[in-house]
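Open the model in your viewer and keep the selection tool at hand. The stops below say what to select next and what is there.

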Amino acid sequence: MKTIKFKYLFIVIAMISLGSCSEDFVDITPKGSFLSDNYYADEAQATSALVGVYDIIRKNSGSFENMIAVMNAGSDDHYAGGGSATDGEGIQAFSKHRLTSINVLRPFWTDHYQGIFRANTLLLKLPNVAMSDNLKARFAAEAKALRAIYYFNLVRIFKNVPLLLDPLTATNMYNVEQAAPEAVYAQIEKDLLEAIAVLPTTVPVATDGGRLTKCAAQAMLGKVYLYDGKKAEAAAVLAQVNGTPRQANQYGNKLLPNYNDLWVFSNKFNAESLLEVSHTNASNADWWFWGSGMDEGNTLNVMVGVRNYSRTSGSTAADLAPGWSFDVITQDLYDAIKTDPRFGATVFDMKAIKAAGQADYVAGYQDTGYFLNKFMPRNSDKTTGGGAVEINYQQNSYIIRLADTYLMEAEALGSGARAQALLDAVRARVGLPSVPVTLAAIKNERRLELAGEGHRFFDLVRWGDAATKLADRGFVSGKDEIWPIPTSELQGTKLKQNPGYN
Amino acid sequence: MKLTKSFIFCVLSILFSIYGQAQDLPIDGKVYDENGLPIPGVSILIKGTSKATVSDFDGNYQIKAASKGTLVFSFIGYSIVEESIKGRTHIEVKLKSESQSLNEVIVVGYGSQKKSVVTGAISSVKAKDLDKVPNGRIEQSLQGRVSGVTIAASSGQPGSNSTVRVRGVTTFAGNDPLWVVDGVVVDAGGIGFLNQSDIESIEVLKDAASAAIYGTRAASGVILVTTKKGKSGKMTVNYNGFIGTSSPEKTLDLLNATQYGALINEKSVAAGGAVVFPNLAALGVGTDWQKAIFNNNATRYSHELSISGGNDVSTFYTSFGIQDQEGIVTSENSKYNKKNFRLNSTHKLSKIFTFGQTFGFAHVKSSGIDANNESNGPLISAINLDPITPLVEMNPTNAYSNPNVIRDANGNPYGISSLVGQGMVNPLAYTQIRLGAFGESNDFVGNTYLEATITKHIKARSTLGGKLGYWDSQIFTPVYYLGATYSVSKNSFSKSQNKSFAWNIENIVTYTNQFGNHNLTVLLGQGSYVDNIGGGSTSKIYGLPITNYRDASFNFDIPQSNRESSTYDLTEHKLTSLFSRINYDYKEKYLFTGIIRRDGSSRFGTNNKFGVFPSFNLGWVVTKEDFWKQNDVLNTLKIRGGYGVVGNDNIGEFRYLSLVNGGYNYSFGNQGAISSGYANLTLDNPDLRWEETSQANIGFESTFFNSLNLTVDLFKKKTSGILRYINIPGYVGVASNPAGNVANMDNKGIEVELGYKKKLGGVNLSVNGNVSYLENKVVYIASDSNYITGDAGYPTIGQVTRTQVGQSYNSFYGFKTAGIFQNQAEINSYTNTSGGLIQPNARPGDFRWVDTDGNGSIDDADKQFLGSNIPKYTFGFTLNLDYKNFDFMVFTQGAAGNKIFQGLRRLDVGDANYQTIALSRWTGEGTSNDYPRLTNNDTNGNFGKMSDFYLEKGDYLRLKLVQLGYSLPSDMISKIGASKLRMYLTAENLFTLTKYTGYDPEIGGGVFGIDKGVYPQARTFMLGVNLQF
């Protein structure tokens, strides 16, 4: 009898475990992330989604392939530099204007589109988020302004790009075609105009510095108009940003009295800054997530630093951390800026310092002995926290500042008293006398005022000067003004390669 | 000293047995093999008692037993024979060796079957085949021993795993076969816990119709590992140990400093640059970096002790082992130590119930270097570093002023190259900074089962299995300065601890009955499986007040700002299954097996959560037919074939949904505060479904001349709906690629296994061999582009493989060279139809590229397929010779028909060293037609383009093992109570026949044959002892 009971017990156990293994057994819900279907429910989640849209703007000076380092390298003011001819394949190729669809810096394409996808997703979901309408409108304005900034970079760099205003799905993603650049510009302008109507005039710097303001969007719109050939519109909107030259504008922005103060890393969100990219050492950025969305450090600093910089004992040379010697300054820029008051702030003249026996260094690739002082990695800015020291500098970078908008408005106006006043203001700030306003004078002023800030290549292309200024760098007119579309974007899609590339 | 104790125990038990036998009949006799030769060492047990004896050197035995008793004769490698005494006092017995025995049993998953009635393509390796293989990773012990399985070590680093592919590459990701150890699923990475000498048998289920019983996870084949169980009767104690020394089988021929200087000069001048080294003679021979990293006397040892035995109620097998091995490359950073323990037992609880368990534990402590990595590590550094930089700088200059340079014992800094940079740094200095890095793992794998024999025909069994793994690592990184871009100015110490747990419950009921000549077995089963339960954490502190790794501790008071930690949880993976198998045969002549399994997986959305996988196999034993006349030529012949479908859910979790993940952060304000940003990781694919692999198999098993076994299988495998992350256009704007069912792929092949046994005079000869032929072809790719890249890349060159319809998976893809332009006239005559030059920028000494598409210029469209990385042929041969007390074994193994990408020289590091083949470069008309000129301005892309220049044949034949053993005569060792004392000398990887110019043609990994400086297999000599009581 006993064994028979055992027998039944056995069968019962088997039946129970059979029952327990029903179909819900294999249903698992994710933990640690959310399902897109029920995300974007409340203000907190919408805020997180908005932060995700901002994340991409850090590309200006964060990660190895950042906008400033790379765009500098392609101009006549800098060489790529670095450790060797192959240190950073993309930046080297752009510096020599030898980009191909394979070595092209793909993140310049993909990162911006990630920002656009996130903006599109947020804009799609916002109507159903449980939060105040005012805040919704502001979030939408920020998302649109950021989308505009990302498209502006895309259209300037690649020119022929798909214009996507809704998130793609697995079913329609291959049916996309490139839009006419005019259509992209029109959308950028539309987005910015819509944003300007809603964005706040100021934000509390301590907590919200870096978020978009009406002024920042206006400044961007003025710049976009200028690139779009709409000079009158550019001058009009930039006039609102600039106000009376040498005085504070309607939002309180004015030129800093001391040019050098623009490059003090702790001088974040200063009065001259209209839109800047925020960096901090608080993310303890480490190599394994360098360049990802979790890396909040400035990478530009270490890139432009002097290779193996070491001071001799008792040296009075600047207390710098060593770097990777990218974006070395060309003799051409050196000669142009040599006698300018902005020389010291712009050029770190390692050649002279070494000659004076104050410090030594190792010559990197394309070494000229001149480094970009605006972004030198400084020991005073070295992180004391965790992560890799090299990638945790906290200097912010400007996307647009008042001196830039002064000169753009002057350029849009071309001549006249206001143009003269704007040009004079920029020169007077550094103690230079007035020169008659001409396009040549404005061009020269832009070059010296904004040297090393990533604008020069775009300026040259916009002015039609690239072919002459970059002839000795391998620049081919009609081709190298824009980059090739990365190979990955052409595979299985309807996209067409840019002219001159294969 | 466990040995002594067990020895005393043995002696005592023998004494007791003698005492107990006083009333019995004295019996003597002799044990022979099938050739009539005496077998020494045969265990003779009186059934139902623990009384036993062993046959002596001449096969003779004496024992006292009751006249109505039964004697059980057993010996490893032979079938057990039971003889009823029936009053006899002299009993002679002939033992049949198992491999020839038709009663050999094969494990088939949830049971076992007589080999003679098995209908599937199952290859089997038994304990006796593994006996002579030095204890190591289990994959390595399978290599070359079974057909249809391609195995390539990922690296020669001690303890490193191997890439195992059953019947080719089945899918695009997750091609590891399913490992099932005593019924517990163990992931491919985790089977390192197994101790080779604990293994009773390994069965490889190759055809879908056999593997279908494992349903969802069986697409890439199933490998069943069964560990040893105790046998009732005399207790056996077995010790096996060896010591050995390892050295590299080969080193590369690299340029010395003078040769190097000359080539660098030539390169520079050719591009219009200056002479870099004006005084070549002063450079001398320079540094031999390889000599600095290779250890010619890396030690290795292994000790294994097992005890097994039992009685009618309980049996047990337990073992302890330790293995220790130093790597041949920078041994301080590359070593492996494993300690393992096993206990298996079975217990008869009552007439009906039997309880059993298996349990294995392994503790591993190891440290390793990058084993096949072009960016880092001692191997790639030794190959690429210039020979001019000294190993140790005796006259340090300013360049060494950095306080963090690493110094040798005498305080001199290790040389720092100013010519070759990036990750290629002085390997001796690198070794110093890696001293504080090691990993540890603890794995527990076991199961318990309860079996009930409910009636004569019905058996039920419930099994609970589990695997618990812990793996930790810790790294102390000192401050160091190894080069301009390779330095750390703040030390750090990190520790990570990880855990994962998996369990499964299976309930099966088996019904077996015979109806006249009809034999029927029906199995019904249910299983629930959960794995990936666990998580881990890493903590890291910076700025420890110490310099030596030995002092590293988390107890230092480090400020919070210098502490980091990260923690993660694993996501569970669950399966629920119902399965059934029917085995039917008529007179063991007509055979049928049918399997059906239904699996539900947590990895799919509601649309496709469940999959059903059916299969069948048929067999016909021709030689059992009445019309078949018994003859001495063809003794047995079984023809079998079948078809089945299995699945694959190996795609990671939640791929059917779009997740919103964090980590897209931004910092607002000037206080350094970071806001968390969230974004969609990828796009949805709710229709994601099971990947299916269907396979047809046909084959035969035969025996000729009573001595030659021949098994041949032909298969065709078709994988459809291959799961893969789709490389989507970047403009979609998601950070991670979505998964899809994107491709179909075919594999077909032929497998031949051969066994031969013969006695020639006093010599026992046995030969085993296997050869497999495999063809892999992608037949469909869903994306519009018809091809996929992205699996194997190399700096500067980009992707070196491409997966495209009509080609083998991940075939090499690039430009084809057609010799070298010897002079300008040849360049000028290489014209297109309109008379223009095809390569207008070429110079004499540059490659002539084949204009594949004939469009008159060289562009990406001229790339073509240049060969497959998958070996077409794999083979292994074993020869065993026994003569008197000597035994000799040779085992060779190899692969052929594949190409290897030889990427040992870093192209993007302009001044990296060269192999001496560069000395035969093109230097002028007629000097070379296959190695182009050297220049710093390689506009033709001689080195910068992926081309057949980088591909070499991967064919090799390796003398994997040679072993010579000597067993002491049993009359001598019986004095110490031993039944076996054998000493042996083994050579592993003695030499390799290959034309490949890298270290080692055996290169595993996700894509085979990508050599970025693979850690080569070591040549090892071992001296060992095997002692049995």
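**Where the two chains pair**

Begin by selecting Leu35(A) and Leu659(B): Leu659(B) is the bridge partner of Leu35(A) in β33(B). The strands in question are β1 of chain A (residues 34–35) and β33(B), which pair in the antiparallel sense over two bridges. Helices here are DSSP runs of H or I with at least four residues, strands are DSSP runs of E with at least two, and both are numbered from the N terminus. Two strands count as paired if DSSP finds at least two bridges between them.

This is a predicted model, in which local features need pLDDT of at least 70 and side-chain atom pairs count only at pLDDT 80 or more, while totals for chains, interfaces and linings use all residues. Residues are numbered from 1 along each chain as its sequence is written, and chains are lettered from A and ligands numbered from 1 in the order in which they are written.

**The side of chain B that touches chain A**

Now widen the selection to the whole interface. In chain B, 79 residues are in contact with 89 residues of chain A; contact means that the C-beta atoms of two residues, placed from the backbone, lie within 7 Å. Several strands of chain B each supply at least two residues of this side, among them β23 (458–477), β26 (492–515), β27 (518–542) and β33 (659–662). Which strand gives the largest share? It is β27(B), with four residues. By kind, the residues on this side of chain B divide into 27 nonpolar, 38 polar and 14 charged. In this division Ala, Val, Leu, Ile, Met, Phe, Trp, Tyr, Cys and Pro count as nonpolar, Asp, Glu, Lys and Arg as charged, and the others, Gly among them, as polar.

Select chain A alone. Its secondary structure comes to 20 helices and seven strands, and its C-alpha trace spans about 110 × 55 × 50 Å along its principal axes. Of the 502 residues in chain A, 54% are buried (buried: 20 or more other C-beta atoms within 10 Å of the residue's own; exposed: 12 or fewer; partly exposed: in between; C-beta atoms are placed from the backbone).

Next take residues 43–55 and 133–157 of chain A, which are helices α2 and α6; their axes come within 10 Å and cross at roughly 15°. That makes α2(A) roughly parallel to α6(A). Axes are lines fitted to C-alpha atoms, for helices over the stretch in contact, and angles run from 0 to 180 degrees between N-to-C directions. Angles under 35 degrees count as roughly parallel, over 145 as roughly antiparallel, 65 to 115 as roughly perpendicular and the rest as oblique. Show the side chains of Leu50(A) and Phe139(A), which are among the residues that make this contact. The contact residues of α2(A) and α6(A) comprise eight nonpolar, no polar and two charged.

For the other pair, select α10 (residues 231–242) and α15 (residues 402–413) of chain A, which pack at an angle of about 145° with their axes 8 Å apart. The residues that meet include Leu238(A) in α10(A) and Met408(A) in α15(A). Here the contact holds nine nonpolar, two polar and two charged residues.

**Sheets and a hairpin in chain B**

Move to chain B, where three strands form an open sheet of mixed pairing in the order β4-β1-β7. Strands β4 (60–65) and β7 (90–94) of chain B stand at the edges, each with a single partner strand, so one side of each has no neighbour in the sheet. From one strand to the next the twist averages 30°. Strand β1(B), residues 25–32, pairs with β7(B) in the parallel sense over five bridges. Pick Lys30(B) to find its bridge partner in β7(B), Glu92(B).

A second open sheet, also described as mixed, has five strands in the order β10-β15-β16-β13-β14 of chain B.

Then select residues 480–483 and 486–488 of chain B: these strands, β24 and β25, pair in the antiparallel sense over three bridges. A hairpin joins them through two residues, and Gly483(B) has Tyr486(B) as its bridge partner in β25(B).

**Last stop: Ala743(B)**

Is Ala743(B) buried or exposed? Ala743(B) is buried, because 25 other C-beta atoms lie within 10 Å. Ala743(B) sits in strand β37 (residues 739–760) of chain B. Its contacts beyond four places in sequence include Phe172(B), Ile722(B) and Tyr780(B).
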